[in-house]
Amino acid sequence: MKKIKILLICFMLMPVLSGCWSYHELKDYDIVMGIGVDKAADDKINMTVQIALPDQIKTKSKGGEGGGLKAYWNIELEGETIFGTLRDYSHMSTHKLYFPHCKAVVFSRAYAEAGIRPCFDFLSRDPEPRGTVWMFVARDKIDDVFNAEPKVEKIPAVNLDELVEIQKYNAGTYTANLVKMSRCLLSKTRAPVLPFVELTGDKKDVLSITGGAVFKSDKLIGELDEKETRGLLWVEGEVKSGIVTVDNPLGEGKVDLEISRSSAEIKPEVKDGKVKITVKVRELANIGGQTTSDVLAVPDIMKQLGVIQNAAIKNEIEASVKKAKALKADVFGFGEEVGNKYPKEWKEMEDKWDAVFPHIEVEVIVDSEVYGAGIVPKPASPSQ
Amino acid sequence: MKLEKGMISNSQLTFLVGAYIQGSLFCTSLIYGISYRDNWLATIVSFLLFAIFSAVYLNLMKMMPGSNLIQIDDIVFGPYIGKLVSAAYISFFILHSVANTRYACDFIVGLFLDQTPLMVFAIMLILLCAWAVHSGLEAFARTGFLFSATVFFLIVTLFFLNIGKMEISNFLPVLRVPVMDFVQVNHIIFSIFYSETFLFMMIMPYVSDQKKLKKSFFYGLVIGEATLLLVTITITSTLGISAMTTSNPLIIMAREIDVAKMISRIEFMILGIVMLSVFMKVTVSFYATAMSFAQVLSLRDYRPLVIALSAVLIALIQPMFHNPIVQSECGEKTWPIYASVFEIVLPLITLITAKLRGISGAPCGGGT
């Protein structure tokens with residue numbers, strides 16, 4: 001009797017132990033690396049999905065020549081809604097699309113101007129895409145972006161991901177992922193910023209990301225150039241590295257100062273209904289190069305360089321403030337800072353912030369220091 | 001004669017209470033539906049409030065040592081009204097077990113096993129808990145330390161992995177949420193995270209050192225609070241306002257982790273946390289249900305009831321909530337008030353009645 005019981009239990013366990021119900025077999029999926037969204041005629045959208053072809057990635061790295069086959073496949077389709085269109089791909093592709101490895105979402109300019117919220121909604125609602133997806137606005141056609149042949153990476157979308165990663169060495173691009181974007185979209189006053197992606201080079205085949213696309217709520221309204229974008233990054237304290245080029249204090253020529261660290265502090269002040277924002281930026285730089293043969297690694301001159309650098313950084317920040325005010329877009333999140341410190345005044349101001357923002361006073365205080373001068377501080381020229 | 005022949009040590013009670021409170025971690029989505037900034041403060045406030053309020057439970061245990069909740073009802077309210085009160089408690093115990101199982105199953109099925117029918121997972125979980133309950137208090141109390149320590153360790157790991165993404169400004173300004181929101185958040189934490197531990201009145205009589213009961217219980221609360229505080233701090237500082245739109249901030253927070261492109265995609269840790277802690281929570285409430293049923297029916301052993309009860313629980317899981325949205329709506333608005341009746345009002349009435357009737361130290365031997 002007991003044996004029969006045990007046998008029965010074993011049989012009952014069989015269906016449960018045979019494996020997961022919702023198992024994901026790698027061969028049943030097409031791994032999506034990037035999504036492109038463009039506007040089509042009649043209020044429709046045109047989507048491009050970039051799928052990785054793992055076989056090609058492998059042969060390329062092994063053989064060296066690789067037979068010239070692309071390691072990705074772009075499929076395009078038109079539809080009315082994001083998810084609806086994406087699922088229509090199952091008519092063309094033999095596998096189900098799989099989003100967790102998606103690295104980049106690229107909006108076309110036209111789509112961004114019409115509002116990115118529908119696409120954002122899909123990306124954040126669906127359990128598959130991750131919060132670490134990067135978003136871009138394309139200056140060129142989405143097709144060209146996704147068909148660019150990156151030289152080091154094999155897949156354009158992966159290349160975009162790497163480009164974002166590498167920005168920390170040369171701050172000049174504003175980057176935002178899903179979570180950062182969602183915080184901006186939830187805020188009443190803050191204007192989100194995304195990077196632009198464009199094709200550069202003689203043959204227009206090198207992917208690069210530059211500047212910042214300024215959004216109002218979810219609609220693209222303007223752009224920041226590289227200098228203005230760095231101004232924004234200074235205010236956020238997000239400048240990790242980069243080069244500030246200043247004039248030589250001793251005469252002709254230029255000096256490159258390599259930023260080694262920076263931090264920022266925003267202090268809002270509300271007096272008689274007037275808003276004043278004080279932005280304090282602290283920065284530390286090293287002399288990274290010079291075009292003249294003057295000896296700059298002298299304490300006094302390094303101090304002078306610091307003062308010149310202050311002005312250069314201030315100039316960048318003020319340029320971005322000016323642009324933001326012109327666009328009436330609070331890209332810095334000044335509104336939130338005011339709200340944090342003056343909740344009562346903020347309640348009245350919040351709804352008319354668009355009108356208030358262009359008239360707020362922004363004081364920029366930069367405190368920078370030139371610290372080091374490299375391992376060979378003096379230029380290779382006969383001493384004077 | 002006693003229903004439960006086993007005895008657990010005081011430290012086992014501590015870790016059991018800790019693991020039980022950790023079992024509510026996946027309910028953090030409820031409080032993040034209302035506000036995000038001051039949730040960490042709310043956990044501290046609720047913790048302190050409950051630390052004071054738990055004196056009601058502990059006093060009852062002290063007045064009638066060796067009697068569990070159902071026996072206390074009989075002593076305080078007499079055999080007839082007492083039975084009615086006990087029946088009310090049992091109805092709550094059952095719904096409580098079902099609601100927790102359903103919520104946890106929806107959490108896991110919705111995020112990880114999206115093709116799996118809810119019931120498949122729920123049946124497996126309930127049967128697992130039934131097995132644990134059938135093995136007895138001593139058996140599953142031993143897992144308390146292991147599970148609560150594992151969960152705490154995983155939460156600490158998540159905290160450190162997120163440190164690079166934390167922003168202090170997400171906490172500012174402190175205490176500027178609308179008062180009613182803060183009260184509601186506190187009420188949810190108080191009733192769902194902390195005062196559900198009143199189920200331990202079915203377990204406390206079987207703790208070896210009754211004198212140190214207060215201390216052991218309090219330490220258990222501290223374990224729960226430490227975990228909860230860490231979780232709320234991590235979620236608020238990493239996600240900020242976007243935590244309010246997500247259905248599960250816990251999982252979104254874990255998905256955000258990407259340390260040097262090496263340590264990423266570690267949301268399975270959340271799965272581990274939820275599985276371990278929910279197992280403890282459902283097991284304890286299942287045990288309390290079975291025990292109180294046996295006590296009311298004056299049975300000699302609660303074990304024969306386990307299979308029948310699991311059938312009841314399984315049957316109730318599907319009709320309990322219509323869909324996940326209804327569920328979180330209920331968790332935010334209805335459940336805390338409903339639960340407060342059993343967790344706050346009834347024990348308070350019991351204590352007052354007991355004081356008025358001058359019941360003290362009456363040892364209660366057998367069934368009723």
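## A buried asparagine

Leaving aside neighbours within four places in sequence, Asn177(A) is in contact (heavy atoms within 4.5 Å) with Gly131(A), Thr132(A), Val133(A), Trp134(A) and Met135(A), and also with Glu256(B) of the other chain. This residue, Asn177(A), sits in the loop between α7 and α8 of chain A, helices here being DSSP runs of H or I with at least four residues, numbered from the N terminus. Asn177(A) is buried, its relative accessible area being 9%, where buried means under 20% with a 1.4 Å probe and protein chains only. A polar atom of the Asn177(A) side chain lies 3.1 Å from the backbone nitrogen of Lys180(A).

## Basis of the model

This is a predicted model, in which local features need pLDDT of at least 70 and side-chain atom pairs count only at pLDDT 80 or more, while totals for chains, interfaces and linings use all residues. Residues are numbered from 1 along each chain as its sequence is written, chains are lettered from A and ligands numbered from 1 in the order in which they are written, and side-chain values use heavy atoms, with hydrogens and water left out.

## The interface of chains A and B

The contact draws 22 residues from chain A and 25 residues from chain B. Between them the two chains bury about 2,100 Å², 51% of it on carbon and sulfur atoms; buried area is the accessible area (1.4 Å probe) that two parts lose on being put together, summed over both. In chain A, the residues that lose the most area to chain B are Trp21(A), Arg130(A) and Arg183(A), which together account for 31% of what that side buries.

Across this interface the rule finds 2 salt bridges, each a side-chain nitrogen of Lys or Arg within 4 Å of a carboxyl oxygen of Asp or Glu. Arg183(A) forms a salt bridge with Glu167(B), with the closest N and O atoms 3.4 Å apart. At least two residues of the side of chain A that touches chain B come from each of α7 (156–166), α8 (178–186) and α11 (334–341) of chain A, and α8(A) gives the largest share, 4 residues.

## The nonpolar core

Of the 134 residues in the largest nonpolar core, Phe198(B) and Phe200(B) touch the most other members; such a core is a set of buried Ala, Val, Leu, Ile, Met, Phe, Trp, Tyr and Cys residues joined through side-chain atoms within 4.5 Å. Helix α4 (residues 69–111) of chain B supplies the largest share of this core, 19 residues.

Terms used:
Buried means under 20% relative accessible area, exposed over 50%, partly exposed in between (1.4 Å probe, protein chains only). A polar contact is a pair of N or O atoms within 3.5 Å; within protein, one must be able to donate a hydrogen and the other to accept it, and residues adjacent in sequence count only if both atoms are side-chain atoms.
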